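Let's take a walk through this protein together.

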Amino acid sequence: MKLRDKVVVITGSGSGIGAECARRFTAEGAKVVVTDVNSDGLTRVADDLGTVGLAVDITLEENVRAVAELARRTYGPIDLWFSNAGYTGPPQGGGIGDEALWDLSWRLHVMSHVYAAREVLPAMLERGDGYLLQTASVVALAVHPDKPAYSVTKHATLSLSEWLATSYRPKGIKVSCFCPGPMLTPMLLADVAPENQAIMNSAARPDEVAERLVRAIDAEDFLILDSDIGTAALAAKAANYEQWITNMSGLQTG
Ligand SMILES: NC(=O)c1ccc[n+]([C@@H]2O[C@H](COP(=O)([O-])OP(=O)(O)OC[C@H]3O[C@@H](n4cnc5c(N)ncnc54)[C@H](O)[C@@H]3O)[C@@H](O)[C@H]2O)c1
């Protein structure tokens, strides 16, 4: 899909990759509506781009509906919904994590995408055209040793994307799942110690990521992988799942 003149909603666009994509997609000629629970970041991005935005928690279905209504009222039918908001939570030090974090992770990494699909798919199916893009992570193909709720719910993001693609691609709906490796955003900077040079050196710049996404959306690829970590995990599991589990064992830092 070419982004020119398309109506695009990007969640989690008050910061990081979402904000950078809002800029880049606007430069491509898209009409972008931004939304984030962080109202300061969101206002900055919306003002910079001269567009509309809504500061809401996207884990609530009525808020997803409100964002969609704002987009339709302002620009018309939605062409692309980019479900990008995410939250890693604190390291669990080998523990499995508490109920609140699991609940939030599930609602953010799965249900917010389900709500978006419920909201925009009927009109897209009627037109026989539209695009759903979800951000998961390479963690969806591998495992995050310190963040079980993040790890599991990002697998579920990928699984939901697979289901959406297999169900709706034949009806003209494009579906992609973005599984990035480390990216230099506030999330990574909060999660990784600056002295962890290996991760910092491998992390992609937001402008590189946004450029890659423009090309991937144009190509309408299902799996958008930008890191060897993802391809290596896929290959290792397919070659010898037992060995992969052994290799990944005991990596918790806590
Ligand atoms: N940065 C990385 O290294 C990395 C790697 C793999 C995947 N990801 C994923 O990329 C996506 C973008 O993250 P980022 O790196 O730009 O981080 P970021 O923290 O800069 O951006 C995430 C945004 O999501 C918003 N958000 C969180 N919870 C929300 C909620 N309930 N409602 C609305 N907005 C909410 C945050 O306020 C924030 O602005 C996330 O889904 C993340 O899991 C990031």
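Start with the surface: the accessible area of the protein comes to about 11,600 Å², and 54% of that belongs to carbon and sulfur atoms. Accessible areas here come from the Shrake-Rupley method with a 1.4 Å probe, and for residues only the protein chains shown count as cover.

A quick word on what you're looking at. This is a predicted model, where local features need pLDDT of at least 70, side-chain atom pairs count only at pLDDT 80 or more, and totals for chains, interfaces and linings use all residues. Residues are numbered from 1 along each chain as its sequence is written, and side-chain values use heavy atoms, with hydrogens and water left out.

Now for the overall build. The protein has 10 helices and seven strands; these are DSSP runs numbered from the N terminus, with helices (H or I) of at least four residues and strands (E) of at least two. A compact globule of 254 residues would have a radius of gyration near 18 Å, and the protein has 18 Å, so the two agree. That radius is taken over C-alpha atoms, and the globule rule is 2.2 Å times the number of residues to the power 0.38.

How much of the protein is buried? Of the 254 residues, 49% count as buried, meaning under 20% relative accessible area, while exposed is over 50% and partly exposed is in between (1.4 Å probe, protein chains only). As for contacts (heavy atoms within 4.5 Å), take those between residues at least 6 apart in sequence: 66% of them join residues at least 24 apart.

Leu108 lies in helix α4 and is buried, with a relative accessible area of 8%. Beyond its neighbours within four places in sequence, Leu108 is in contact with Ile58, Thr59, Ala85, Gly86, Tyr87 and His113. Ile17 is 91 residues away from Leu108 in sequence, and their C-alpha atoms are 16 Å apart in space.

With 34% relative accessibility, Gly95 counts as partly exposed. Gly95 and Leu42 are 53 residues apart in sequence and 34 Å apart from C-alpha to C-alpha.

Another loop, between β3 (53–55) and α3 (61–75), holds Val56. Val56 is buried, at 14% relative accessible area. Setting aside residues within four places in sequence, Val56 is in contact with Thr35, Asp36, Val37, Asn63 and Val67. One of these, Asp36, is 20 residues from Val56 in sequence, with 5.9 Å between their C-alpha atoms.

Next up is Ser151, in helix α5 (residues 148–168). At 4% relative accessibility, Ser151 counts as buried. Its side chain reaches the backbone nitrogen of His144 at 3.0 Å. Not counting residues up to four places away, Ser151 touches Val139, Val143 and His144.

Finally, a look at the backbone. Most residues other than glycine have a negative phi. Asp5, in the segment before β1 (7–11), has a positive phi near 70 degrees. Glu220 has a positive phi too, of about 60 degrees, and its place is in the loop between α8 (206–219) and β7 (223–225).

Note on methods: A polar contact is a pair of N or O atoms within 3.5 Å; within protein, one must be able to donate a hydrogen and the other to accept it, and residues adjacent in sequence count only if both atoms are side-chain atoms.
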